[in-house]
Amino acid sequence: MLSTGALRAHLLAARLAGPVATTREDSLRSYRLFAARDPRATLGLDPEQEWDERALLGLMARRCGVSADPTHVDGPDVIDPRRTVEALDAFAERLAEAARRRWPVLIGTGHPHRLLGFYAGLADALSAAGCPVLTPAQGRSVDMVTGFGVRTYQLDYVRGVALVREPGGGVGGGAPGAHTHSPLPVRVALEAAARGGGVLPQLVIGDHGWVCGAGQLGIEAMGPADTNDPALFVGEAEGRISVAVPLDDAVRGEFYRPVARYVLNRARLSQ
């Protein structure tokens, strides 16, 4: 079993926490966009409160450990590993509750190149515990706005984890899927799950629009978020996201394996 100390050391060594690859400039830009209610930063969340840049910086300092100094405008951003561990413990508690109650779960990612293995491990463990891992709307088209205009993606599932594939990629293709912040995939999946009195998830696990889109619709949602993803932490502060885990979401996929082991051990779901 990975100890808390060993996990913290791994977070720092892999740059999942501590000084991370996400730049201060990128984080501050995201806070400006969120304050302006730009959908590229709100990720499907409709904030109830007014969040200006200063308020967002204060929130991110408290929840992630970034510098609260508004004059600090460049260099790598920082995540406090203590805050990451605390959030992972809370994440594990919700996983354990879902397993005890055998909740139907929907898992999806906008970071399939990095986080697919992490989520697949959770899906396997929850399924083994008796939780239905839902796969609604497989193969459904999702029209999303990109820098090249509106493009049609396809919703697919790999090992129980939802993702979208590039146009022409095809369902079940070999490519890992596309990077996206959009809440549209989770909306399509939830609409399909609800149609005809189908089973809706009681918990959505994921990142970006998967979490914010579900939380906005009143479904419990949780997942990791980088320092340039203020929407998840705002959603948590406003009570629509149960756990936002401060974590660099774009390091090499194998670096998330110890994190998954730690969470599953804490949730008593290790296989």
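Hi everyone, let's start in a loop: Glu238 sits between α9, residues 230-237, and β9, residues 243-246. Before I go on, please keep in mind that this is a predicted model.

So, is Glu238 buried or exposed? Its relative accessibility is 11%, and buried means under 20%, so Glu238 counts as buried. What does its side chain reach? The side chain of Glu238 comes to 3.0 Å from the backbone nitrogen of Gln49. Leaving aside residues up to four places away in sequence, Glu238 touches Pro47, Glu48, Gln49 and Trp51.

Now let's move to a pair of helices. Helix α6 covers residues 112-128, and helix α10 covers residues 257-266. They pack at an angle of about 25°, and their axes are 9 Å apart. Angles under 35 degrees count as roughly parallel, so that is how α6 and α10 run relative to each other. The crossing of α6 past α10 is right-handed. Which residues meet there? From α6 we have Phe118, Gly121, Leu122 and Ala125, and on the α10 side they meet Val259, Ala260, Val263 and Leu264. Sorted by class, that contact has seven nonpolar residues, one polar residue and no charged ones.

Next, please find helix α7, residues 184-194. Its buried residues are Pro185, Val186, Val188, Ala189, Leu190, Ala192 and Ala193. What do they pack against? Their partners are the strands β3 (105-108), β4 (141-146), β5 (149-158) and β6 (161-165), along with helix α8 (208-216). After α7 comes Gly196, with a positive phi near 70°.

That brings me to backbone angles. Most residues other than glycine have a negative phi. With that in mind, have a look at Arg15: this residue is not a glycine, yet its phi is positive, about 60°. Arg15 is in the loop between α1 (4-13) and β1 (18-23). Its relative accessibility is 41%, so Arg15 counts as partly exposed.

Ala137 is another residue other than glycine with a positive phi, near 65°. Where is Ala137? You will find it in the loop between α6 and β4. With a relative accessible area of 10%, Ala137 is buried, whereas Arg15 is partly exposed.

Methods. Residues numbered from 1 in each chain as written. Predicted model: local features only at pLDDT ≥ 70, side-chain atom pairs only at ≥ 80, totals over all residues. Heavy atoms only, no water. Axes fitted to C-alpha atoms, helices over the stretch in contact; angles between N-to-C directions. Helix = DSSP H or I, 4+ residues; strand = E, 2+ residues; numbered from the N terminus. Parallel < 35°, antiparallel > 145°, perpendicular 65-115°, else oblique. Left-handed = near helix turned anticlockwise from the far one by under 90°. Contact = heavy atoms within 4.5 Å. Nonpolar A, V, L, I, M, F, W, Y, C, P; charged D, E, K, R; others polar. Buried < 20%, exposed > 50% of the residue type's maximum accessible area, 1.4 Å probe, protein only. Polar contact = N/O pair within 3.5 Å; in protein donor to acceptor, adjacent residues only side chain to side chain.
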